Amino acid sequence: MKKIIIAIDGFSSCGKSTMAKALARNIGYLYFDSGAMYRAVALYCMQNSLIIEDEIDTESLKRRIKEINITFEVDPETKNSITYLNNINVEHEIRSLEVSRYVSRIAALDFVREEMVDRQREMGKAKGIVMDGRDIGTTVFPNAEMKVFVTASAEVRAQRRYDELTARGDKADFNEILENVLQRDHIDQTREVSPLKKADDALLLDNSNLTREEQMDWLIDVFNKLTEEC
Ligand code: CDP
């Protein structure tokens, strides 16, 4: 069967990553988390004093962007993807609320996007991938055979992020998370370069009231129909 590219875009914390990972596992495709790349760049800035008094030192970041090596490996036990920043496992750190606070501003920088989009296209060369993000179906792979745009209400998304953080033992405040979700939605939708928007040919999936199983059935159904046509 011909391999395709699956682009999953949507708002923050709507369960895209979990869904994309599970789909990739089900159909034997590779999964790439484009958000993890932007998060790793944000962490790099935090670790290298490129954020001073809440301001991003964009000139230094621009000079050093090629030094930021981001790779993914699959955990042999959990089969989950692990993000490495310059060969160090940062999977846990990049999910912190502190990284979430800066990531959207960093992801709005044109030279950061250019660099990450180039790297993402390279990852998709052989097809057979599921990639999730904000601009995968619009900018990274405009010709992706399967495009899904996921959404859910801001409250449902904040609750999911709250559950995720508390489940791993982190302290979390629901209102602070909701505010972060709304703020990132705003930055993502209004930025000049590749703003978050549904591609015309993407299928809309509102998962506010769907179970994971219902969602997976829907995805597999779409995938089967599309690959039968290929
Ligand atoms: O997990 P969550 O959906 O909250 O976010 P993420 O996928 O980890 O992405 C973190 C942030 O990176 C987003 O809020 C966007 O600002 C940015 N991002 C982006 O601009 N383009 C992408 N393709 C992926 C993420």
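A polar contact is a pair of N or O atoms within 3.5 Å. With this cut-off in hand, the reader may turn to the ligand in this predicted model. A polar side-chain atom of arginine 39 lies 2.6 Å from an oxygen atom of the ligand, so the pair falls within the 3.5 Å that defines a polar contact. In the case of aspartate 135, an N or O atom of the side chain is 2.9 Å from a nitrogen atom of the ligand.

How much of the ligand's accessible area does the protein cover? On its own the ligand has 520 Å² of accessible area, and the protein covers 98% of it. The elements that give two or more residues to the shell around the ligand are the helices α2 (34-47), α4 (97-107) and α8 (174-190). Of these, α2 contributes the most, with four residues. The shell consists of 19 residues, and those that come nearest to the ligand are Arg39, Ser104, Arg113, Asp188 and Arg191. Sorted by class, the residues around the ligand comprise nine charged, six polar and four nonpolar ones.

The next topic is empty space within the protein. Rolling a probe the size of a water molecule over the atoms shows where such space is left. A search of the whole structure finds one cavity of 30 Å³ or more. The volume of the largest cavity is about 40 Å³. Its lining is made up of Ala7, Asp9, Gly137, Thr138, Lys147, Val148, Phe149, Lys197, Ala199 and Ala202. Two or more of the lining residues come from each of β1 (5-10), α6 (136-140) and β9 (146-151), and β9 has the largest share, with three residues. Five residues of this lining are nonpolar, three are charged and two are polar.

Phenylalanine 149, which belongs to the lining of the largest cavity, also takes part in an aromatic pair. The structure holds three aromatic pairs. A pair of aromatic rings is described by the distance of the centres and the angle of the planes.

Finally, the second largest pocket contains about 280 Å³ of space. It is lined by 13 residues, of which Tyr29, Leu30, Tyr31, Val74 and Lys79 are the closest to its centre. At least two lining residues are supplied by each of α1, β2 (30-33) and β5 (70-74). By class, the lining of the second largest pocket has seven nonpolar, four charged and two polar residues.

How values were computed:
Residues are numbered from 1 along each chain as its sequence is written. This is a predicted model: local features need pLDDT of at least 70, side-chain atom pairs count only at pLDDT 80 or more; totals for chains, interfaces and linings use all residues. Side-chain values use heavy atoms; hydrogens and water are left out. A residue is near a molecule or strand if one of its heavy atoms lies within 4 Å of it. A polar contact is a pair of N or O atoms within 3.5 Å; within protein, one must be able to donate a hydrogen and the other to accept it, and residues adjacent in sequence count only if both atoms are side-chain atoms. Accessible areas come from the Shrake-Rupley method with a 1.4 Å probe; for residues, only the protein chains shown count as cover. Ala, Val, Leu, Ile, Met, Phe, Trp, Tyr, Cys and Pro count as nonpolar, Asp, Glu, Lys and Arg as charged, and the others, Gly among them, as polar. On a 1 Å grid over the protein atoms alone, a cavity is a set of points where a 1.4 Å probe fits but cannot get out, and a pocket is an open set with protein on both sides within 12 Å along at least five of seven lines; lining residues have an atom within 4 Å of a point. Grid points are joined across faces, edges and corners, and a volume is the space filled by probe spheres set on the points. Rings of Phe, Tyr and Trp (its six-membered ring) pair if their centres lie within 6.5 Å; planes under 30 degrees apart count as stacked, over 60 as edge-to-face and the rest as tilted.
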